[in-house]
Amino acid sequence: MTEAIPDSWRAALAPALASDEARRLGEWLRAEEAAGKAVHPPRGSRLRALELTPLEQVRAVVLGQDPYHGPGQAHGLAFSVPDGLKMPPSLRNIYKELHEDLGIAPPPHGNLEPWAREGVLLLNTSLTVEEAKAGSHAGRGWEAITDAAITAVAQRAAPTVFLLWGAHAQKKLRDIPALSAPHHLVIQSPHPSPLSARRGFFGSRPFSRTNAFLRSAGRRPVDWDGVAAERA
């Protein structure tokens with residue numbers, strides 16, 4: 001692994017990073033890049049979700065599958081794209097539900113960094129992907145590291161909301177028993193993709209439910225409006 005681990009996550013991730021699986025992942029990624037394959041996101045931004053959301057500040061977790069695989073789209077946050085890029089369909093549907101749920105007007109950009117700074121861990125299961133090949137880095141070793149991050153959040157005493165959108169994310173309920181701890185809230189729904197959003201993502205009200213739970217647990221709610229307000 002060549003990525004710098006943020007201090008707040010270092011102890012939680014140390015065993016996974018020291019594993020043979022992580023070593024093989026690092027070797028494989030270097031070989032892929034040496035062979036001229038385009039790997040997204042670029043080095044230095046693959047742990048952006050952990051950098052922007054320290055472990056002790058996590059209030060909600062949104063779990064994605066792998067980064068966007070188009071040029072320039074991935075920047076280390078699940079469902080997010082940098083300023084100036086076309087908004088992906090799944091994110092458009094997330095914004096639609098945000099508007100229906102909380103009345104927040106959809107912003108004209110897809111950069112979710114303000115949510116990350118609000119304590120929303122926007123984590124993909126795999127943190128890299130080959131260009132134009134969705135899911136191409138699944139099973140290569142990232143799962144050991146990202147599962148360790150999810151487990152670290154779930155094992156904390158602080159009540160936290162886990163937003164599991166789609167079957168891939170919901171599989172973590174089986175893989176990570178700590179997610180089912182009674183002091184947490186798990187919200188499951190279909191994925192926001194256009195292929196499945198109308199099967200139950202729309203109308204699931206994840207944003208208001210997250211904040212209602214956090215308030216009931218004595219934690220500060222998430223300012224979901226920050227994405228629009230920061231660039232207004």
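My entries follow, topic by topic.

**Ground rules**

I am working with a predicted model, in which local features need pLDDT of at least 70 and side-chain atom pairs count only at pLDDT 80 or more, while totals for chains, interfaces and linings use all residues. Residues are numbered from 1 along each chain as its sequence is written, and side-chain values use heavy atoms, leaving out hydrogens and water.

**The sheet**

I looked up the strand order. Four strands form an open sheet, E3-E2-E5-E6, with parallel pairing. Strands (E, at least two residues) and helices (H or I, at least four) are DSSP runs, numbered from the N terminus. Two strands pair if DSSP finds at least two bridges between them. Strands of a sheet pair through backbone hydrogen bonds, either parallel or antiparallel.

Which strands stand at the edges? They are E3 (120-124) and E6 (185-189). Each has a single partner strand, so one side of each is left without a neighbour in the sheet.

Then I took one pair. Strand E2 (residues 60-64) and E3 pair in the parallel sense over five bridges. Val-61 stands opposite Leu-121 in E3.

**Helix on helix**

I checked H2 (residues 20-34) against H6 (residues 142-154). Their axes come within 8 Å and cross at roughly 125°. Axes are lines fitted to C-alpha atoms, for helices over the stretch in contact, and angles run from 0 to 180 degrees between N-to-C directions. H2 and H6 are therefore oblique to each other. Angles under 35 degrees count as roughly parallel, over 145 as roughly antiparallel, 65 to 115 as roughly perpendicular, and the rest as oblique.

Which residues make the contact? H2 brings Glu-21, Ala-22, Leu-25 and Leu-29, and H6 brings Trp-142, Ala-144 and Ile-145. Contact means heavy atoms within 4.5 Å. Six of these residues are nonpolar, none is polar and one is charged. Nonpolar covers Ala, Val, Leu, Ile, Met, Phe, Trp, Tyr, Cys and Pro; charged covers Asp, Glu, Lys and Arg; the others, Gly among them, are polar.

Next came H4 (residues 89-102) and H9 (residues 206-216). They pack at an angle of about 60°, with axes 7 Å apart. That makes H4 oblique to H9. Ile-94, Glu-97, Leu-98, Asp-101 and Leu-102 of H4 meet Pro-206, Phe-207 and Ser-208 of H9. I sorted this contact too: five nonpolar, one polar and two charged residues.

**Salt bridges**

How many salt bridges does the whole structure have? The search finds 16. Each is a side-chain nitrogen of Lys or Arg within 4 Å of a carboxyl oxygen of Asp or Glu.

I followed Arg-43 to Glu-33, where the closest N and O atoms are 2.5 Å apart. Arg-43 lies in the loop between strand E1 (39-40) and helix H3 (48-52) and Glu-33 in helix H2, so the pair ties together parts 10 residues apart in sequence.

Arg-59 and Glu-118 also meet, at 3.4 Å, N to O. Arg-59 is in the loop between H3 and E2, and Glu-118 is in the loop between helix H5 (113-117) and E3, 59 residues apart. Are these two buried or exposed? Both Arg-59 and Glu-118 are buried. Buried means under 20% relative accessible area, exposed over 50%, and partly exposed in between (1.4 Å probe, protein chains only).
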